[in-house]
Amino acid sequence: MPEFIQVSVTDHVGIVTLNRLEVLNALNRQMITEIAAQLEAFDKDPAIRVMVINGAGRAFAAGADIDEMMTETPLSMERADPFADWDRLRRIKKPIIASVHGFALGGGFELVLHCDLIMAAETAEFGFPEVKLGVMPGAGGTQLLTRAMGRRKALAYILLGDTMTAQEAAHFGVVDRMVAEEMLHEETIRLARQLTKQPPLSVRLIKETVLRAEDLNLDDGLLLERKNFYMLFDSHDQKEGMQAFQEKRKPEFKGE
Ligand code: CO8
């Protein structure tokens with residue numbers, strides 16, 4: 001049984017809730033291991049089509065656990081390899097929605113940036129305060145924020161350690177949707193349900209192809225897109241989707 005997260009399932013949506021209320025869901029190593037293991041389990045489960053990560057209490061997550069981190073040395077981290085679990089997050093094939101209220105700082109913001117869609121309450125605050133602790137982001141913040149908002153704006157936020165409001169994050173395209181806090185859960189589930197109705201194989205291959213677009217040159221990216229496009233013509237859902245169009249009815253996708 002996981003100690004620092006809660007797990008629930010509703011209508012093909014797997015939900016991971018960060019749950020260390022006394023430290024604003026600060027992420028210790030075990031918690032990241034628990035998150036990675038649960039997302040992998042959802043990824044393998046054919047009944048789950050979309051995942052959500054949210055936070056219990058008054059924050060999403062106020063960063064990595066500073067108490068746990070403060071006695072680390074380069075060698076202790078090299079041996080324990082705390083980022084191996086973060087690498088597992090990047091290999092999840094189904095879409096993940098971050099549903100954020102309150103603080104999403106440091107490692108908490110990095111967890112958000114590992115997700116595919118970001119839904120934010122108006123109260124959400126994002127930032128990388130690591131510079132104020134004499135360190136810097138370490139779980140992908142420099143790379144992922146730069147890809148999300150561009151080099152200059154990302155650099156200013158990370159150098160100064162300033163907090164970004166939900167409104168600013170929405171304006172810069174870092175979050176996809178902003179809603180009133182009292183509507184956050186409902187709107188997140190509504191978005192997740194919308195995704196569960198899409199053909200699952202298309203959804204997985206779209207995620208793979210779009211994520212690779214950031215790393216591949218155009219020729220290789222187009223080649224990957226074409227191969228994945230071809231592959232879908234071997235699926236039930238392609239036949240069903242196109243047949244339903246001709247018969248003027250709603251398709252019933254099976255993920256096959
Ligand atoms: N780690 C440990 N404890 C924390 C953390 C944290 N990141 N954030 C908050 N807490 C604890 C506080 O110490 C406090 O505990 P206590 O009640 O025992 O004093 C409790 O949570 C509540 O916090 P506050 O009383 O401070 O609440 P406020 O509303 O006054 O302030 C803030 C909220 C502004 C979020 C404030 O708590 C804060 O500044 N927190 C630290 C934020 C921060 O610096 N985050 C970055 C951490 S470094 C990081 O994330 C590096 C990631 C690299 C990847 C690592 C992978 C291994």
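**Sheet, salt bridges and burial in a predicted model**

In this predicted model, 6 strands make up an open sheet with mixed pairing, ordered E1-E2-E3-E4-E6-E9.

User: What makes E1 and E9 the edge strands?
Analyst: Strand E1 (5-10) and strand E9 (177-179) each pair on one side only.

User: How do you know that E2 and E3 pair, and in which sense?
Analyst: Pairing requires at least two bridges. Strand E2 (residues 13-18) and strand E3 (residues 50-55) have 6 bridges, so they pair, in the parallel sense. Glycine 14 stands opposite methionine 51 in E3.

User: Why is the contact between aspartate 11 and arginine 193 called a salt bridge?
Analyst: The cut-off is 4 Å between a side-chain nitrogen and a carboxyl oxygen. The N to O distance here is 2.7 Å, so the pair qualifies. Aspartate 11 lies in the loop between E1 and E2 and arginine 193 in helix H9, 182 residues apart.

User: Why is aspartate 11 called partly exposed?
Analyst: Its relative accessibility is 44%. Buried means under 20% and exposed over 50%, so aspartate 11 falls in between.

User: Glutamate 187 forms a salt bridge with arginine 190. Which of the terms buried, partly exposed or exposed applies to glutamate 187, and which to arginine 190?
Analyst: Glutamate 187 has a relative accessible area of 17%, under 20%, and is therefore buried. Arginine 190 stands at 51%, over 50%, and therefore counts as exposed.

User: What separates glutamate 187 and arginine 190 along helix H9?
Analyst: They are 3 residues apart, which means about one helical turn.

Note on methods
Residues are numbered from 1 along each chain as its sequence is written. This is a predicted model: local features need pLDDT of at least 70, side-chain atom pairs count only at pLDDT 80 or more; totals for chains, interfaces and linings use all residues. Side-chain values use heavy atoms; hydrogens and water are left out. Helices (H or I, at least four residues) and strands (E, at least two) are DSSP runs, numbered from the N terminus. Buried means under 20% relative accessible area, exposed over 50%, partly exposed in between (1.4 Å probe, protein chains only).
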